[in-house]
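Please read them with the coordinates open.

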Amino acid sequence: MIVIECTGDGRSRGRMHGEAARGLIRDGLQRWADATAGAAGIPITRYVSAFLSDTALLAAIETRLPDLVEEMRGIADGAGVPFDQVAAYNLMDEQWWYDLERTPNAEPGCSVVAFADQGTGAVLLGQNMDLPAYMDGGQVVLRIQAPGQPEELVLSAAGLLGLTGVNQAGLGLCVNTLLMLRHSRSGLPVTAVIRGALRHERRDAALAFLQSVSHASGQHYAVGDPGGVMGLECSATGKTLSPPASESALIHTNHPLANHEIDPVAEAALEQRGSIADSKRRLEFLNEQSASIRQIADIRRVLADRSVPICKTPTRERNSTTFGSVIFELTPSPRAHFCPGLPTSDQWEQLGWSSAAQEGPAG
């Protein structure tokens, strides 16, 4: 697993990221640009200009978490690539609904599994991160050390601020796209929400942050700490706690279980593509498996499933793949397990914390 050290203020963190992963970032941006421009039928420069000017997404990050805009500028500086393309690339979830408004070709996915043992106090949080196949090959983990915040280990694609992660205080966060929920062109984008939530040390503080922001995209956030795991389904117009599968398990895929702020146009497009039916099949399978999930090996087994499938590979109908998988052991001394690409048993790697981890108040 490629681990990139990102320390200091926003610009410094981004520059370290950009310099360390320059080749991966350039390759990933080119694949994204080719896929995006091909689908849109216009040059990538025109697409990016329209995407950023048609929305106020970048301004929302600047207002709420300005250091993350500086981090993107640092990524662009370090990799020697245009800032506007880095910014648009980081609006991945938002690009899905932006493109869906014109043509239903987005490929969202993800399956989340959490288990909290009431007897032993063990809390496990894991997921498969399913993304467009062109992103495969850019897998990295960012080790983020920012002043006054707990150290973070964040699964990402080179050039992105992050996809899912855990911090040294024992707070973990996993996500599911809910593309059929209402979106906002001026809300806070998902990647910024993830990084903002991971700055907190406790589940209640992270949930309060999620409740406080205006969301750009429909998204389920599974937030855990050593006390347990809770899920929040967020849309542009509401935030609703998602129901647990049982007293000890939280399961989620890519359709809402409690939030009814539906965008009917997006829902119809996803229905037509079979995306909602696929999500329901995965949820049913995971609910059936939840009674047997007690330890890390059980979550690995479920995430590797090819029958439903939970672990995805590209098909003629759907060009998406499992980009990477994570399992977080949420204890006062948390442990983070990452698997780049398909979650096969021989590729899982546990990453430790830096001995120079920052300490300080958060949340």
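1. Which helices and strands each supply at least two residues of the lining of the largest cavity? In this predicted model, the elements that do so are α7, β3 (123–132), β7 (172–177) and α8 (190–197).

2. The cavity in question has a volume of about 130 Å³, and the structure holds 2 cavities of 30 Å³ or more. Its lining comprises 18 residues, and those that lie nearest the centre are Met92, Asp93, Leu163, Val190 and Ile194. Divided by class, the lining of the largest cavity has 10 nonpolar residues, together with 6 polar and 2 charged ones.

3. Helix α7, which contributes to that lining, also packs against another helix: the axes of α3 (residues 44–54) and α7 (residues 92–100) come within 12 Å and cross at roughly 95 degrees. With angles of 65 to 115 degrees counted as roughly perpendicular, α3 is therefore roughly perpendicular to α7.

4. As for the residues at this crossing, α3 brings Tyr47, Ala50, Phe51 and Asp54, which meet Glu94, Gln95, Tyr98 and Asp99 of α7. The residues of the contact of α3 with α7 divide into 4 nonpolar, 1 polar and 3 charged.

5. Two details of the backbone deserve a look in the loops. Cys110, which lies in the loop between α7 and β2 (111–116), has a phi near 130 degrees, a positive value in a residue other than glycine.

6. On confidence, the protein averages a pLDDT of 93, and 95% of the residues score at least 70. Residues 356–363 are another matter, for there pLDDT stays under 50, although the model has 23 contacts beyond four places in sequence for this stretch. Where pLDDT is low, the predicted coordinates should not be read in detail.

Key
Residues are numbered from 1 along each chain as its sequence is written. This is a predicted model: local features need pLDDT of at least 70, side-chain atom pairs count only at pLDDT 80 or more; totals for chains, interfaces and linings use all residues. Side-chain values use heavy atoms; hydrogens and water are left out. Axes are lines fitted to C-alpha atoms, for helices over the stretch in contact, and angles run from 0 to 180 degrees between N-to-C directions. Helices (H or I, at least four residues) and strands (E, at least two) are DSSP runs, numbered from the N terminus. Angles under 35 degrees count as roughly parallel, over 145 as roughly antiparallel, 65 to 115 as roughly perpendicular and the rest as oblique. Contact means heavy atoms within 4.5 Å. Ala, Val, Leu, Ile, Met, Phe, Trp, Tyr, Cys and Pro count as nonpolar, Asp, Glu, Lys and Arg as charged, and the others, Gly among them, as polar. On a 1 Å grid over the protein atoms alone, a cavity is a set of points where a 1.4 Å probe fits but cannot get out, and a pocket is an open set with protein on both sides within 12 Å along at least five of seven lines; lining residues have an atom within 4 Å of a point. Grid points are joined across faces, edges and corners, and a volume is the space filled by probe spheres set on the points. pLDDT is the predictor's confidence in each residue, from 0 to 100.
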